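Student: Hi! I have a structure open and would like to talk it through with you. Could we take it step by step?

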Amino acid sequence: MTKKVTSPIARILGVRSFDTKERKSVFGDAVKEFRYKERGRAFASSLYSQTYGSYHHEYLAVSVRGSLSDACLSSLGGEISLDDQASLDQAMQNLAYQHEIRHFHDCFGTLAGISLFFWHVHELREFYTLTGWLRRQNLSWRMPLRTWVRENDCPTKIKRFYHLFRSRRFHRDLFVGSLAGFNEEGPSDEPWEWIVTHPPFPLHEEAPPIPAFPMSAGRRSQASEDRWTHFCPLALVPLLEGNAQAVQRSLLEAICRSEVVNLYWQRMTQYRVEPTTSNSESSARSNFCPLPYNVTDYLLTRFLTKERGCSNYPRSLILKVTDAALMTSLAPSTIYYRDPKFSRHPGAAFVDVLNSTDWRRDLEDCSPAVPISSDDLYRIISNYRAKIRPMSDPSRSHPIDVIESYAVHHVIIPLLELRLRYGHSVFSEPLTYWKHIVEFPVPAMIFGDRGIQPSTDMPRGLMEAWLSYVLLQNLMTSIMDAEHAILPCPRAYNLIPGIERCELAYPESCSRHISDRSCMNWTSGSLNELPKCRFSKMLAEMGFD
Amino acid sequence: MPTRKFYESEALLDSLTESFQELALNTSQCQALIGQLSAEKADRLNDLLVSLLTQPEMQAHLQQHLKDVEVPGPSSGGLGSHLRSQVRQGRIVRVDFFQFGKCWEKTSTSLLGLALALITLNPAGLPVPTYETVRGVWSSWVALKRPGDDVAIDTYEAVLRTQCILLNGRDPGRFPTLVEIQSHAGPRTEREVVTGLTRLRDLGIVKVDFWGDQEGDLSHRENTWRPVV
């Protein structure tokens, strides 16, 4: 049974309609309820003790450990010989760049990621507009905001924005998957089960159920064996990580010895119980944290085993299902988020793709359909071109507009045009993807251990706009989250990837002020103690004293 | 007047920074100095300083003491304080936050913090003293006030300044001689430095580590001096 859903954000994106299946599954129809527990929001690629890189969607930035030149060289199949690398760690480090870049492509080349980016931009613009309104009322943000919003003299607009922000944050965490998994007694052999999670504050609307992969978990000691099921929420992060891991593994197999590849697989499938002060079974369970890289792989294996009785499938199938899911997902719109019909969760879309694909065919030929035609793509691209104009002079426009325009004209449209030119397989067939990799755009900012590599097609003045944009983004989050009247400088505390490479102060350098500790934080009434820098300037413009 | 603001886990770093500024030394070396301490010793020093800063005597100068504050960022550079911090997955997540007005009580505590770090860093491997010991020295030290005790305070600062320079030099295990201290005491004459050292010694704030000649000859130029903590 299908029904037509016309989403306002779909209209913004230029998509006329989606054919969305009613949530109907032969597997696990009951919905389990869990208490919401958030976890980190950056897409960090790490194997517990080692972090190799991270992708920051809202900042259009990638951060990788190690030398950028080595990383780029390895991603382009240059002279570096990974066969000669003694350790897998070196290979992982060199492949981190390609792994994070794949996140960038999956995010800006699919409707899921594009709508999420526009959500960030929209929210930031709303915050900026509200700040301007406050200034016109001769008011400013009063810290801590969470206390002010409970007082009578706080304007209704501020109260509304604060509560919407928290509600949106929760819905975004559900969409992205920035929430910890959940445990339950007993085994489950379902490919997915539906879960609902509730935040510790009232919501404007009920949280929709999302699918979760029931992962078998256990802990064995000399005396006993404890087994339980860990529910890994199936959201944007596990989908992106599954894709990046699949292309990374393909590349590794092409250029590394089998011993290294086997070691890689061992590391990717390791699980760990985070150390705590308590050794109790319950703390072992609550601290169990599997890596997100293989969730889609395991889910697909379990699904196909049930559906077809076979667990072997070509790796490209993960990419095909994921791409179809990401092309039919939409982040809840900031304007229309109240109505759950107007968004589509990536996990739910993934499950829909599995349910709607004809699995009776040979798996090599099985290709889940991406329901976005060439006409749809033309319409989406035309819509962007019409609504968001390119920036000829970034210094004359607001940084939010500059970044939005850059993302649309230098990243999103080129990525969608690649789909038009080569078909959706350019995203879902590893060989096609690698064949055309040099045609794919790269992030505006790539940070390595030894410096910044701005995008080669970065327009003049974009770096300035990017800095203002990320500072504003960070300040908005700090103001919304602050429990006390303290706002930490993102440069002093490295709150933005790569920010330590940027100079915000003048005439003296940030490093001088930081080593003197003459900046660090804003506290109430301390603006004039802060040095001349972008951070203090932004605070002053927002009316902080 | 600038204030001193720091999270609990930054107490040692803030103390060293304030001391280096007071001693006109390059503050960019503070982080490196902490890096030379073992993690355990750095934690204990940090906790000792937080204990001193939360004494009743400090309350008058404490502009803000916020509890249970979220530590910003992935790399706050903080130390693992064991007093009030909440640690999650090996990382400090919540601590206290302090804001002090510029005052001698805070500066003197910072200088004592530097003395503690220098003593602990000595290759002789001196242990971190107990809170009671440090509290006793602090009481004597903070009682000195400018301008009446200018000579003693300047001399103590010269001892610390010289020790910092020695630590980065060829002989990090040695404490400074009277001559070296005088050479880093600005306009203070050797006679004034001896007077300052004698006063500090009587208060139990410094002591002779090695007698240059006859024991008890406080004015001998080869005597080496060290802070007591």
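Student: Okay, which residues does W141(A) touch, leaving out those up to four places away in sequence?

Tutor: Keep in mind that this is a predicted model. W141(A) touches F127(A), L130(A), T131(A), L134(A), W148(A), I158(A), F161(A), I479(A), M480(A), M542(A) and F544(A).

Student: And which residues have the most contacts inside the largest nonpolar core?

Tutor: W141(A) is one of them, along with F108(A), W466(A), I479(A) and M480(A). That core has 160 residues.

Student: Which helix gives the most to this core?

Tutor: Helix α4 of chain A, residues 111-136, which puts in 13 residues.

Student: Switching to chain B: how is it divided?

Tutor: Into domain 1, covering 1-127, and domain 2, covering 144-229. Their contact takes 20 residues from domain 1 of chain B and 17 residues from domain 2 of chain B.

Student: How much area do those two domains of chain B bury between them?

Tutor: About 1,700 Å², with 72% of it on carbon and sulfur atoms. The rule also finds 1 salt bridge across that interface.

Student: Which side chains meet in a salt bridge at 4.0 Å, N to O?

Tutor: Those of E105(B) and K145(B).

Student: Last one: what is the mean pLDDT of chain B?

Tutor: It's 88, and 90% of the residues in chain B reach 70 or more. For the complex, the predictor gives an ipTM of 0.88 and a pTM of 0.85.

Methods
Residues numbered from 1 in each chain as written. Chains lettered and ligands numbered in written order. Predicted model: local features only at pLDDT ≥ 70, side-chain atom pairs only at ≥ 80, totals over all residues. Heavy atoms only, no water. Core = buried A, V, L, I, M, F, W, Y, C linked by side-chain atoms within 4.5 Å. Buried < 20%, exposed > 50% of the residue type's maximum accessible area, 1.4 Å probe, protein only. Helix = DSSP H or I, 4+ residues; strand = E, 2+ residues; numbered from the N terminus. Contact = heavy atoms within 4.5 Å. pLDDT = per-residue confidence, 0-100. Domains from an automatic or database assignment. Buried area = accessible area lost by both parts, 1.4 Å probe.
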